[in-house]
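Notebook open, structure on screen. I want to jot down what I look up as I go.

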Amino acid sequence: MRPQRLLAEAARDARRLTPASGLGLDTPAMQRRMVERLRQDGVHCEPVLQAMLAVQRHHFVDSALAAQAYEDTSLPIGLGQTISKPSVVARMMEWLFLGPNARRHGHLGKVLEIGTGCGYQAALLAQVARQVISIERLQPLHELARRQLARQPAMHIQLLYGDGMLGHPPRAPYDSIVSAAGGDDVPSAWLAQLAVGGRLVAPARSPDGRGQVLVVIDRTEQGFHRAVGEMVQFVPLKSGVC
């Protein structure tokens, strides 16, 4: 059990995250530069790039960090968690689009996101999916994301407070599953909830045990096909709620 004092301090950290405003930043220009960098670095999925243009990242970080919002860097959001680098988020979404169902339909279908965090990736996913179900195990972050997303245009996002390692069986199966945290391996519950023709993208421990890699798993009629992508660094995947 964590000391209640530390949890209270963590909750205060999360509540400090208020939308940046009056910054004097040329946000559209900064977003366009961010997207152009992503394109130059090999992200070519147009729906993903358009989503990155549509959702303003600086609204999801502390106002003190807003000037860094469109740099390719992860930023703290409280409780020891981070908002992932734009390049990593874009790459994971692009890989989801290469799944069989996504290629067939031209969108990500019904998405399960593990680790809502501040809500930024959920907002991006909502631009390219029919429905997003997002789970967060840390209640202060769940409440933060709810506040942040309430300020966005109407979106088909369902936010849940719970243990993401269990997935969310009531709404399964999912065409796309994506995780914002990494563990030793992909939980079996996520695989069970992946639709045939669906794709899962998540960080997991690398085969040599020296770091994390992005794992891509497709579900077919015959079973699961697994591939290993690039090295990454994500916050640890944990079970339970706080």
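I started with His107, which is buried, at a relative accessible area of 14%. "Buried" here means under 20% relative accessible area, while exposed is over 50% and partly exposed lies in between, with a 1.4 Å probe and protein chains only. This is a predicted model, so I kept in mind that local features need pLDDT of at least 70 and side-chain atom pairs count only at pLDDT 80 or more, while totals for chains, interfaces and linings use all residues. Residues are numbered from 1 along each chain as its sequence is written, and side-chain values use heavy atoms, with hydrogens and water left out.

Where does His107 sit? I found His107 in the loop between α5 (100–105) and β3 (110–114). Helices (H or I, at least four residues) and strands (E, at least two) are DSSP runs, numbered from the N terminus. A polar atom of the His107 side chain lies 2.9 Å from the backbone nitrogen of Gly109. Then I listed what His107 is in contact with, leaving aside neighbours within four places in sequence: Phe97, Asn101, Ala102, Val128 and Arg130. Contact means heavy atoms within 4.5 Å.

Next entry: α4 and α6.

Phe97 and Val128 turned up again when I looked at how α4 meets α6. I noted helix α4 as residues 86–97 and helix α6 as residues 120–128, with axes that come within 11 Å and cross at roughly 30°. The axes are lines fitted to C-alpha atoms, for helices over the stretch in contact, and angles run from 0 to 180 degrees between N-to-C directions. The two helices, α4 and α6, are therefore roughly parallel to each other. For angles, under 35 degrees counts as roughly parallel, over 145 as roughly antiparallel, 65 to 115 as roughly perpendicular and the rest as oblique. The crossing of α4 past α6 is right-handed; that term applies if the near helix is turned clockwise from the far one by less than a right angle, and left-handed if anticlockwise.

Which residues make the contact? On α4 I wrote down Val89, Met93, Leu96 and Phe97, and on α6 Gln121, Leu124, Leu125 and Val128. The contact of α4 with α6 divides into seven nonpolar residues, one polar and no charged. (Ala, Val, Leu, Ile, Met, Phe, Trp, Tyr, Cys and Pro count as nonpolar, Asp, Glu, Lys and Arg as charged, and the others, Gly among them, as polar.)

I went back for a look at Gln121 in helix α6. Is Gln121 buried or exposed? I have Gln121 down as buried, with a relative accessible area of 9%. Its side chain joins that of Glu113 in a polar contact of 3.0 Å; such a contact is a pair of N or O atoms within 3.5 Å, where within protein one must be able to donate a hydrogen and the other to accept it, and residues adjacent in sequence count only if both atoms are side-chain atoms. Not counting residues up to four places away in sequence, Gln121 touches Val89, Glu113 and Val178.

Next entry: α2 and α3.

Helix α2 (residues 27–40) and helix α3 (residues 46–54) have axes that come within 9 Å and cross at roughly 155°. That makes α2 roughly antiparallel to α3. Their crossing is right-handed.

Last entry: Pro203.

I found Pro203 in strand β8 (residues 194–205), buried at a relative accessible area of 3%. Gly183 is 20 residues from Pro203 in sequence, and their C-alpha atoms are 7.1 Å apart.
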